[in-house]
Amino acid sequence: KAYSANGTTVPISAELGTSIAGDLFPVTVKLTKGNLFLTEPVVLFLDNARIGMQVRFQDYDHRPAQGIAMSEMGRALFSGKIGYDPDTRQILLHDPSIDKLEFDHKTEVTQRLFSELKAAWSAQVTNPIRAELPPHPYLLPFRNNIQALSYDGKSINLTLSYE
């Protein structure tokens, strides 16, 4: 038998990060009016400090009683500085920001939706954003031993600790 030593580092590439993030999608976010449906996550290493996630979104509002049936699609990119809370075993995204928010079609409706989405982001997003560790097969063998998470611009690095 072989045992890993304390302080072992496990790297995660952008491609593997995309696969791991995919376990948490699709995601539905409730808005004041309607919902935001997020799919197709792609993890991007933006620079030496920030990572990003690009998603495909559908902003939809379906209220038949009021005669409202609306759906608009687009792409968004948000980013932040990644961290980890070992006590709650949550991934953290510090200083989160929306870097790109584009609808497939530019209309008066999508301009209004753009403003509503920015306002919803400001009202609902915390700093840091907290997310549960995904139940991805790559993480399962050591998910309870993750002590820290760092990012060096080339990979996300998990530091493991065994007691």
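Modeller: With a relative accessibility of 15%, Arg56 counts as buried (buried means under 20% relative accessible area, exposed over 50%, and partly exposed in between, using a 1.4 Å probe and protein chains only). Before we go on, please keep in mind that this is a predicted model, in which local features need pLDDT of at least 70, side-chain atom pairs count only at pLDDT 80 or more, and totals for chains, interfaces and linings use all residues. Residues are numbered from 1 along each chain as its sequence is written, and side-chain values use heavy atoms, with hydrogens and water left out.

Now for the partner of Arg56. Its side chain meets that of Asp104 in a salt bridge, 2.6 Å from N to O (the term means a side-chain nitrogen of Lys or Arg within 4 Å of a carboxyl oxygen of Asp or Glu). Arg56 lies in strand β4 (residues 51-63) and Asp104 in the loop between β6 (90-103) and α2 (108-124), so the pair ties together parts that are 48 residues apart in sequence. Helices (H or I, at least four residues) and strands (E, at least two) are DSSP runs, numbered from the N terminus. Asp104, for its part, counts as partly exposed, at 41% relative accessibility.

How many salt bridges does a search of the whole structure find? There are five. One of them pairs Lys81 with Asp95, at 3.9 Å from N to O. Since Lys81 belongs to strand β5 and Asp95 to strand β6, this pair ties together parts that are 14 residues apart in sequence. Lys81 is partly exposed, at a relative accessible area of 37%, and Asp95 is also partly exposed, at 38%. There is something else to check at Asp95: its phi is positive, about 50°, although this residue is not a glycine. Arg89 is another non-glycine residue with a positive phi, near 55°. You will find Arg89 in the loop between β5 and β6, partly exposed with a relative accessible area of 38%.

Another salt bridge joins Glu40 to Arg75, whose closest N and O atoms are 3.0 Å apart. Glu40 sits in strand β3 (residues 35-45) and Arg75 in strand β5 (residues 68-85), so parts 35 residues apart in sequence are tied together. Both ends are partly exposed: Glu40 has a relative accessible area of 44%, and Arg75 has 27%.

To find it, a 1 Å grid is laid over the protein atoms alone; a pocket is an open set of points with protein on both sides within 12 Å along at least five of seven lines, a cavity is a set where a 1.4 Å probe fits but cannot get out, and lining residues have an atom within 4 Å of a point. The lining has 42 residues, and Phe25, Met53, Phe78, Leu93 and Ile129 lie nearest the centre. Strand β6 gives the most to this lining, with six residues. By class, 36 lining residues are nonpolar, four polar and two charged; here Ala, Val, Leu, Ile, Met, Phe, Trp, Tyr, Cys and Pro count as nonpolar, Asp, Glu, Lys and Arg as charged, and the others, Gly among them, as polar.

Pro26 is in the loop between α1 and β2 (27-30). Asn127 and Pro128 are also joined by a cis peptide bond, again with omega about 5°, and Pro128 belongs to the loop between α2 and β7 (129-132).

Finally, a word on strand β9 (residues 156-160): four of its five residues are buried, so it is largely enclosed by the rest of the structure. Strand β1 (residues 8-12) pairs with β9 in the antiparallel sense over five bridges (strands pair if DSSP finds at least two bridges between them), and Ile12 stands opposite Ile156. Strand β8 (residues 146-151) also runs antiparallel to β9, joined by five bridges, with Ile146 facing Leu160 as its bridge partner.
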